[in-house]
Amino acid sequence: MSLAFLTRTRGRGRFDLTDWLTWAYLLLAVFLMFGPILWIALSSFKTEAALQEYPPTFLPLAPVTATVEGFDEPLQLFRIIAGEHQGKVLAQVRRIGLVGKMVDPANPGALIDVNINDRVPERAFALAVENYTSLFERFNFGLYFWNSLFITVVATIITVLFNSMAAFALSKYHFRGRTVVFVLIIATLMIPPTINLIPIYLVVSQLGLVNSPWGVIWPAVATPTGVFLLRQYMLTIPDDLLDAARMDHASEWKVYWRIVLPLSAPALAVLVIFSVMWRWNEFLWPLIVLNRSEEFTLQLALNSFQGELQTAWSNLLAMTILTLLPITLVFAVLQKYITTGIAQSGVK
Amino acid sequence: MQSALDTIGRGVGRLYAAAFDLLEWPMLALQRLTGAQRIAWIFLLPNLVIFGTFTFLPIILNFFYATSGSDAILLQDRPYVGLDNFATLLACENYLQPNSCERDIFWRAVHNTAWFVVLQVGFMILFSLVTALILNRDIPFRGFFRSVFFYPVLLSPVVVALIWKWVLQRFGVLNAALEGAGMPTVNWLVDADWAFFWIVFVSIWAHMGFYTLILLAGLQSIPSDVYEAAEMDGASKWRVFSRITMPLLMPTMAVVIVLSLIRAVQAFDEIFVLTGGGPGSATLLILQFIYETGFAYQPRLYGLAAAASMLMAVVLLVLTLVQLRATRSRAEG
Amino acid sequence: MAVVELDNVVKDYGATRAVHGVSLTIENGEFCVFVGPSGCGKSTLLRMIAGLEEITDGEMRLDGQRVNEQRASERGLAMVFQTYALYPHMTVRQNLAFGLENIKTPKDEIVRRVDAAARMLQIETYLERRPKQLSGGQRQRVAIGRAVVREPRVFLFDEPLSNLDAELRVAMRGEISALHRRLGNTMIYVTHDQVEAMTMADKIVVLRAGRIEQVGAPLELYNRPVNQFVAGFIGSPRMNFVEGTVDSIDDEGVDLRDRTGTAYRAAVDGGGVERGDAVVLGIRPDHLDVGGSVGHEVTVNAIEQLGGDSYLYCERPDGTRLTAHIAGQTAIRRGDVARAVFRPEYSHLFVKDTGVALPRLTIGEAV
């Protein structure tokens, strides 16, 4: 039955060559797309010592210790693979040169000498959660997270507000100069900010916004994509509704926020998702504007840590996972919404 | 649970109403002043101010930077140098030989970018098309597979770069796997050719889901009765693909190609974090050259960087005009 | 309660003039219907009264007070839209309350008025639903309810029934008339359907191309259309027209002949025409007697038998088409040659070039 389900294909025919190729391709794709992400997620739970191991183990493993009677500290366990004690699991008391002084946990009275080449450490699955906790204790992760969150949330709110107001004006009023304004805004779609890095930097620095989150927020909020997207949607809202509201004593401002804005919710949601994605992931512009590490976003912090030699991979990996987590959660919840929204509007 | 959600919903609704109600009186006063039609300008104002400050003004200022010298950021401190910056960038004995140019690093970036654009766009479109065709089949778990391809699109470039850096490092999992299979290992990001291969690969990995999604939407917009008619006409699978699917997909395809070209010309983030442009300048692309010339290295050569951006702008402008044409024909088609 | 006065009101859209100097007074409590073919400017005129369109020139007065400069919300009018224009994101109750909230009506007063309107329109049971969950007729009631709760000085209706099916349209017609009788407000109603105009109006305003053609009570328009356009527009099926020339004029009427030389007579005042003038004779299908042994010869091309009524589509030998309405059933068959009687006291006469009607001396249909 399950096989019949798997072999469901476009035609009514058998499971033919194209179906085999399809499945081979898809499984390879899952491996290539998710493999690296899974790998970094697993690695982020390994201790620094385990990360140095080569070849690496698949799962995060840590040496096993045991408390043995007569010893205050927990002792590390080893499996003996050669010599007279082969097959036993012994605890090491100390190591002297090539010889490990060990005891049998079941019989802790006698010390046993074992050649260190005759034993391998006992290891068990263990998550090095300290990779994550130390981010908050030693690496100011909370600050970077807050910086990123602040920029993302504030920029998104302003983007949605300003873009929707402009879109409302451009879709629902017939005023002189409307076409000119619209064409001007659309024309800026052709000039991505990457071309104007230097003059934008001048403007931002003259406004005293270098090393301030606002230096990242303000240049980003007047997105032509957002105006265009919302305008196209608002054009589909019947003008009669606006007239009805005007007959109901609503001011133009009230028409905007009580009628048009709630009715544009689907388009607003798409813009919110885009804006969150843009701002959370933005790299080049914050790199230029934010030079002080207290102002770093998560992306900048990640980048600067990976350049520092003394940064431990264990912390870097954990930080990477924490950075991709919010977007991943949003995607997991809104997956269908995001994919259809992007497919329809064709923007990223 | 339900009532808790309701309470939250009502709370959000009240907050929303209270926030917008604050502006009711000022906006009403403005409306009395402007009349019901010209109030549109008030609605446009915030967006236009931001546009003017951070888009229109910089476009004009860019010309001044490109035609002036020194490392001063203030325009009044910068001497006018005419087209010197462009002349410096374009001084070259043989454009195919970066070493023969005055700014050899710029031309190396141009060469790298050209190769990058051709390879990245070419292979990405190919894989996206194949993937879209496969996802358009009636296979189980289609939504899941679509998400598999799309998920990396949402990841930040820095995260993408770090994921692959970890896989590709000297003692990383890829080399371990190769060694396990008895094959020689490579120091992937230190070998110039391999490093270039990987920046192309990683940027395809990160972005193909987006184009797959658009192509898939294009495929799904082809009415099924066309396929049924072809089936009645006894067309083979290959003929259906080459004579029906591809021609009807062409408008979407054009949009996808131009969009990906525009993005590829401006590639920077993942590559900067993954290789930093190295080894040497093997993976240095134009935008990184602009960034480093203008912001990272001392003295900051703003003029040269602005001139380089304007040259890039010309390329982008041409590509965008092509895109607009393509989009229009899609809208009309 | 209000008197609406329009004084030479003009509307321009750029260079094109949509409304050419309309002057009109709508009395307190009157049910006034604007009727005309699409594009005649009736909706524009209504929207100008509502305050949704600016008045280019001329003056509009409410109870004698100039309101040109007042915004829609300040005039105290309520409008029912063709598309209903119910706010889709609000419940029925919220739809009704929205306008009252905007003028800061006390909460208990809003509840009282909404409940009263809901009871009157029988929409109490779905006050908590959204417009999407309602049928067309229910939406129509909510749209009317939204106007009623506002207790406006004037109700405006913009083709409110055109999105309903035929049966519902008849029922709603009756309800709106009943509403008018109960509330006694001034109401202005726009429609392209002359049946709605005839059945509901105290006063009908017939518009064409931005100009008023005629203003009057329904039967006055039916009996005494001032021109050929109004004569053709009011009444269903449409009035039959026969072209001819004036033969002779006397005190009781005018004699004329058509191209084939057939003679007709109309009981109209011939003061405005002379012998030889080109004129058009008009007679309604209801008044054309077909099937007798006397009268002019017609060929019956098609017959619609409805059981209670019969419609005959006939043709004169010169190609003039005539429609006749007969009460009851008929033995005439398609292809038959029958005789049609044109009675002078039921005939209208129009000057061909201007379309102006000659005053009727005797009116056969009047009682």
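**Notes on the predicted model**

1. In the hairpin formed by S1(C) and S2(C), two residues lie between the strands, and C:Gly14 adopts a positive phi near 60°. Strand S1 (residues 4-13) and strand S2 (residues 16-26) of chain C are antiparallel and share seven bridges. C:Asp12 has C:Arg17 of S2(C) as its bridge partner. Strands (E, at least two residues) and helices (H or I, at least four) are DSSP runs, numbered from the N terminus; two strands pair if DSSP finds at least two bridges between them.

2. This is a predicted model, in which local features need pLDDT of at least 70 and side-chain atom pairs count only at pLDDT 80 or more, whereas totals for chains, interfaces and linings use all residues; side-chain values use heavy atoms, with hydrogens and water left out. Residues are numbered from 1 along each chain as its sequence is written, and chains are lettered from A and ligands numbered from 1 in the order in which they are written.

3. Strand S4 (residues 57-62) of chain C runs antiparallel to S5(C), joined by two bridges, and C:Arg61 has C:Arg66 as its bridge partner in S5(C). Contact here means heavy atoms within 4.5 Å; angles run from 0 to 180 degrees between N-to-C directions, and axes are lines fitted to C-alpha atoms, for helices over the stretch in contact.

4. Chain C also has an open sheet of six strands with mixed pairing, in the order S6-S7-S8-S3-S9-S10. Its edges are strand S6 (77-80) and strand S10 (211-216) of chain C; each has a single partner strand, so one side of each is left without a neighbour in the sheet. The twist from one strand to the next averages 20°. S6(C) pairs in the parallel sense with strand S7 (residues 154-158) of chain C over four bridges, and C:Met79 stands opposite C:Leu156 in S7(C). Helix H4 (residues 136-148) of chain C lies across S6 and S7 of chain C and runs at about 175° to S6(C).

5. In chain B, the axes of helix H8 (residues 192-220) and helix H10 (residues 237-265) come within 9 Å and cross at roughly 155°. H8(B) is therefore roughly antiparallel to H10(B) (angles over 145 degrees count as roughly antiparallel, under 35 as roughly parallel, 65 to 115 as roughly perpendicular and the rest as oblique). Residues making the contact include B:Phe210 and B:Tyr211 of H8(B) and B:Leu249 and B:Met253 of H10(B).

6. Between chains B and A, 109 residues of chain B are in contact with 103 residues of chain A. The buried area is about 9700 Å², with 75% from carbon and sulfur atoms; buried area is the accessible area (1.4 Å probe) that two parts lose on being put together, summed over both. B:Phe43, B:Phe54 and B:Trp166 lose the most area in chain B, together 9% of what that side buries.
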